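Here are my notes on the helix packing and the nonpolar cores. Please read them beside the model.

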Amino acid sequence: MESTDGQQTHEDLIGQAEAFITACYAELEKFGIETDKRLAAIRSEVKLTGSYKHTGEELAHGAKMAWRHNSRCIGRLFWHTLDVIDARGAETAEEVAEALLRHIGHANNGGRIRPVITVFRSGGDPATAIRIWNHQLIRYAGYPGDAGHPRAGDPASDDFTAVCRNLGWQGTGGDFDILPLVISIGAGEPQWFPLPEGLVQEIPLSHPEIERFTELNLRWYSVPIVSDMLLEIGGIRYPAAPFNGWYMETEIGSRNLGDTGRYNRLPAVAELLGLDRSTNTSLWKDRALLELNRAVLHSYKQAGVSIVDHHTAADQFVRFQEQEKQRGREVSGKWGWLIPPMSPSSTPIWNDNTLKDLHLSPRFIYQQKAYAGWLEGAADGLDGEANAAVSRLEHAGGQPADPDQRSTTDALMCPFHHQ
């Protein structure tokens, strides 16, 4: 229940807290008096202050539960291994940036990727709420181009790149410029922080058999750290809680590099392979897609960076389902997101007609882009590229461009299946 102005009532918050604590403490094998005492303390705290604070143990297990509940994630077999970093004590943008840099290094771990989440303070007080403006902590810039310059970089980053440039950051205008971190606190001005050289591990792509593949000059970074989603645990919302798993190869090959709305490199791969692109019946797209994904797997393994192929990931998801069934828990799943973007019918998920989105809590939730209002407010002083970004955001209502994302504010996201 919410109040007439849409705000969360004390009763509603207590109800969500009770549901979470009961489930969390049962999984932690805390029963009886210990659970009752904690619930009584939360009721008193909410009635006195309007909110409550999670213990470190509650925060850690709640974040793990949110990953386990993520209906779009194929990699949940490892939910219990999530490394939860409690950064609720970070006060300034500089302290937040330092914690984010530590997250990148800790998650990368020399290529042996660790699943990690860093949780900053809750957003109960809008004046002190922390927002990370990046979609991912590591992301390549996008340059739309104009009559005199061809487009370059990642089209998914065009708008955010315009924000960064108008804050003072300048890239090279190339295909693989790493964007800075952008952080704001409350209504304060955003601050940007460059990623130190050498922190981000990038993998140049080569092919196990096609020596000329390196002529394509393709590369990608080692770890996807989604940073613009909200983490909800027991009614408490954390608007800054970046998290990561490791890559599934199709997310790089099929989507990031292969999608026509992203790097669109399938034609270049086909040309390198000498494929006939004059007709769809040559299946040139399929053949180019396969070799591009082979290159991704080969290159990451050669560099010693954790990655999983889509067949192994699907088998791991089935094992996750079996484990959850043994524990008496129902698995929340969104079939259209769990099937991989290449050869989905060859995986065991294809014929699974039991999957349904259960909207479980704790959970990850989409938020409005942190920079939508800032761009609109600063429009008079922006250059042409940034004004075009404002127009795109206004057309999208400031919401994510994916139609499935716009359908509900509670849509879930996966570190393996990011847009």
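1. Start with the helix pair. H7 (residues 266-273) packs on H8 (residues 284-303) at an angle of about 90 degrees, and their axes lie 9 Å apart. H7 is therefore roughly perpendicular to H8, a label for angles of 65 to 115 degrees. Axes are lines fitted to C-alpha atoms over the stretch in contact, with angles running from 0 to 180 degrees between N-to-C directions. Helices are DSSP runs (H or I, at least four residues), numbered from the N terminus.

2. On the H7 side, the contact (heavy atoms within 4.5 Å) uses Leu266, Pro267, Val269, Ala270 and Leu273. H8 contributes residues including Trp284, Arg287 and Leu292. The contact residues divide into nine nonpolar, no polar and three charged; Pro counts as nonpolar, Lys, Arg and Glu as charged.

3. This is a predicted model: local features need pLDDT of at least 70, side-chain atom pairs 80 or more, while totals for chains, interfaces and linings use all residues. Residues are numbered from 1 along each chain as its sequence is written, and side-chain values use heavy atoms, without hydrogens or water.

4. The largest nonpolar core has 98 residues. Such a core joins buried (under 20% relative accessible area) Ala, Val, Leu, Ile, Met, Phe, Trp, Tyr and Cys residues through side-chain atoms within 4.5 Å. H8 gives the most to this core, eight residues. Tyr300 is among those with the most contacts inside the core. A second, separate core of 13 residues includes Tyr143 and Trp374.

5. Ala268 lies in H7. Ala268 is partly exposed, at 30% relative accessible area (the class between 20% and 50%, 1.4 Å probe, protein chains only).

Notes
Helix = DSSP H or I, 4+ residues; strand = E, 2+ residues; numbered from the N terminus. Parallel < 35°, antiparallel > 145°, perpendicular 65-115°, else oblique.
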